[in-house]
Amino acid sequence: MINNIQNKIISLVAPSSAGKDHIQTLLTLKCNYKRLVSYTSRPKRIGEVDGIEYNFVSDEEMKQMIANNQLIEYREYKVASGDTWYYGIAKKTIEEALADNVNYVVIVDFKGLKTLNDYMTSTDRKERLCSVYINTKAQIRLLRSLSREGDMNDLQVNEVIRRFNDDVLNVVGAIDFCDIVVENNNYEDSKRIIERLKGI
């Protein structure tokens, strides 16, 4: 029997600490969506698992993937420590997701979304991409960042500031580009988001 299900890729775009990781996790747990796993050269955080949050690779491996044109999109961030971290989505990952029969969810920034949108449009599959902007009040995002980091040293504080500044340049403009805009300021908001997205 031929399976004619046309699954979708749900791309989440949001500023720092807007709750995008939490929403992604809820979609996988409550809606049986699969996580589309990006690649990164940044160090693993405590509790992260290779192949779950990200495919963690070395800086050299990431640069090789870029040189070999294996990525649909990639971005680099110079963090407060002076290091440069790379993030990217592999073409192979997208094609494997589109060949499956369930929805996938991925987190991207605005540049990544536009590149992914261009790729899907160029391959006549634009209707299988749904972009969602998660909007959260700046004060709430800042409090979440401070709470998540705990007792921070100066370098960690500078990194929080860098992320907020980067959001202005690389994220917030997506609110006018995305297919759907949702508010995520509290627990009830997150439940409403899942209800809205589970039927896509």
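## The largest nonpolar core

Ile9, Val13, Leu36, Ile94 and Val106 touch the most other members of the largest nonpolar core, which has 21 residues. A nonpolar core is here a set of buried Ala, Val, Leu, Ile, Met, Phe, Trp, Tyr and Cys residues joined through side-chain atoms within 4.5 Å. Buried means under 20% relative accessible area, exposed over 50%, and partly exposed in between, with a 1.4 Å probe and protein chains only. At least two residues of this core come from each of β1 (9-13), α3 (91-98), β7 (104-107), α4 (110-122) and β8 (129-135). Helix α4 gives the most, with 5 residues. Apart from this core lies another, of 19 residues, among them Ile10, Leu26, Cys31 and Ile180.

The model is predicted: local features need pLDDT of at least 70, and side-chain atom pairs count only at pLDDT 80 or more, while totals for chains, interfaces and linings use all residues. Residues are numbered from 1 along each chain as its sequence is written, and side-chain values use heavy atoms, with hydrogens and water left out. Helices (H or I, at least four residues) and strands (E, at least two) are DSSP runs, numbered from the N terminus.

Isoleucine 9 belongs to strand β1. With a relative accessible area of 0%, isoleucine 9 is buried. Contact means heavy atoms within 4.5 Å. Neighbours within four places in sequence aside, isoleucine 9 is in contact with Leu36, Ile94, Leu98, Tyr104, Val106, Arg128, Leu129 and Cys130. Although isoleucine 9 and leucine 129 are 120 residues apart along the chain, their C-alpha atoms are separated by 5.0 Å.

Valine 106 has contacts of its own: with neighbours within four places in sequence set aside, they include Ile9, Ile10, Leu12, Leu36, Ile89 and Leu116. Ser11, Gln24 and Ser38 are also in contact with valine 106.

Rings of Phe, Tyr and Trp (its six-membered ring) pair if their centres lie within 6.5 Å; planes under 30 degrees apart count as stacked, over 60 as edge-to-face and the rest as tilted. By this rule there are 4 aromatic pairs. One of them joins tyrosine 54 and tyrosine 87 edge-to-face, at 5.5 Å centre to centre and with 65° between the planes. This pair links distant parts of the chain, 33 residues apart: tyrosine 54 is in the loop between β3 (39-40) and β4 (55-56), and tyrosine 87 is in strand β6 (residues 84-90). Both tyrosine 54 and tyrosine 87 are buried. One aromatic cluster is formed by Tyr54, Phe56, Tyr77 and Tyr87.

Arginine 42 lies in the loop between β3 and β4. Its relative accessible area is 4%, so arginine 42 counts as buried. The side chains of arginine 42 and tyrosine 87 make a polar contact (3.2 Å). A polar contact is a pair of N or O atoms within 3.5 Å; within protein, one must be able to donate a hydrogen and the other to accept it, and residues adjacent in sequence count only if both atoms are side-chain atoms. Beyond four places in sequence, arginine 42 is in contact with Glu48, Tyr54, Phe56, Trp85, Tyr86 and Tyr87.

## Helix α6

Helix α6 (residues 154-170) has 17 residues, which at 1.5 Å a residue should span 24 Å; its end C-alpha atoms are 24 Å apart, in agreement. The expected span is 1.5 Å times one less than the number of residues. At the start of α6, a side-chain oxygen of asparagine 153 comes within 3.1 Å of the backbone nitrogen of leucine 155.

The buried residues of α6 include Glu159, Val160, Arg162, Arg163, Phe164, Asp166 and Asp167. An α-helix has 3.6 residues a turn, so residues three or four places apart point the same way.

## Asparagine 184 and two loop residues

Asparagine 184 is located in the loop between β9 (180-183) and α7 (187-197). Its relative accessibility is 2%, and asparagine 184 therefore counts as buried. Among its contacts outside four places in sequence are Ala18, Gly19, Ile23, Arg144, Asp189 and Ile193. Isoleucine 140, in helix α5 (residues 138-149), is partly exposed, with a relative accessible area of 22%. Isoleucine 140 and asparagine 184 are 44 residues apart in sequence and 9.7 Å apart in space, C-alpha to C-alpha.

Serine 17, in the loop between β1 and α1 (20-30), has a phi near 60°, a positive value in a residue other than glycine. Serine 17 is buried at 8% relative accessibility. Asparagine 69 also has a positive phi, near 60°, and lies in the loop between α2 (59-67) and β5 (71-78).
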